[in-house]
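Here are my notes on the charged pairs. Please read them with the model open.

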Amino acid sequence: MDTTSRTEDELAGLDIAALLRYGVTAPQGPMRTSLFGDGAVGAAVLLDRLGTEPRSVAFLAETVRAGGLAHALTLPEPLPRPEAADLVRDWLEAAASLAGGVRADDTAARWLRAVASIVELRRSVRR
């Protein structure tokens, strides 16, 4: 997917859970590219609009890397703000539903780290 031809609203309207469901365990190719391209940007737009700090997303990424998706799902509040926590919980559930093991956990952690980086970039550009 070509992000240069999509607006922020279009990217924010993507089904991020579906992109995770199909992209986390996909081999390198179009599904993985969509997840780390349009999906990461769309997720960053949504979280940024909710006022989520990039460091919170980066911390969640490290939690997923250390304990896996299943562990992250046990967190009562995966992100500090309730709206963001609910949103990311849906994403974690979608990724965890695959039972992809350590490889899926690592991919999800890398994706969350990419989302955190994009949120940080968006904020630095606005400053």
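1. R55 is exposed, with a relative accessible area of 63%. Exposed means over 50% relative accessible area, buried under 20%, and partly exposed in between (1.4 Å probe, protein chains only). E53 is partly exposed at 32%. The two side chains form a salt bridge, 3.8 Å from N to O. A salt bridge here is a side-chain nitrogen of Lys or Arg within 4 Å of a carboxyl oxygen of Asp or Glu.

2. Salt bridges with shared partners link E8, D9, D48, R49, E53, R55, R122, R123 and R126 into one network.

3. On the basis of the model: it is predicted, with local features needing pLDDT of at least 70, side-chain atom pairs counting only at pLDDT 80 or more, and totals for chains, interfaces and linings using all residues. Residues are numbered from 1 along each chain as its sequence is written, and side-chain values use heavy atoms, leaving out hydrogens and water.

4. R49 pairs with D9 in a salt bridge, the closest N and O atoms being 2.7 Å apart. R49 lies in helix 3 (residues 30-49) and D9 in helix 1 (residues 8-12), so the bridge ties together parts 40 residues apart in sequence. Helices are DSSP runs (H or I, at least four residues), numbered from the N terminus. R49 is partly exposed at 46% relative accessibility. D9 is exposed at 56%.

5. R123 and D48 also form a salt bridge, at 3.3 Å from N to O. R123 sits in helix 6 (residues 101-126) and D48 in helix 3, so this pair connects parts 75 residues apart in sequence. Both R123 and D48 are buried.

6. How many salt bridges does the rule give? The count is ten.

Definitions and conventions
Helices (H or I, at least four residues) and strands (E, at least two) are DSSP runs, numbered from the N terminus.
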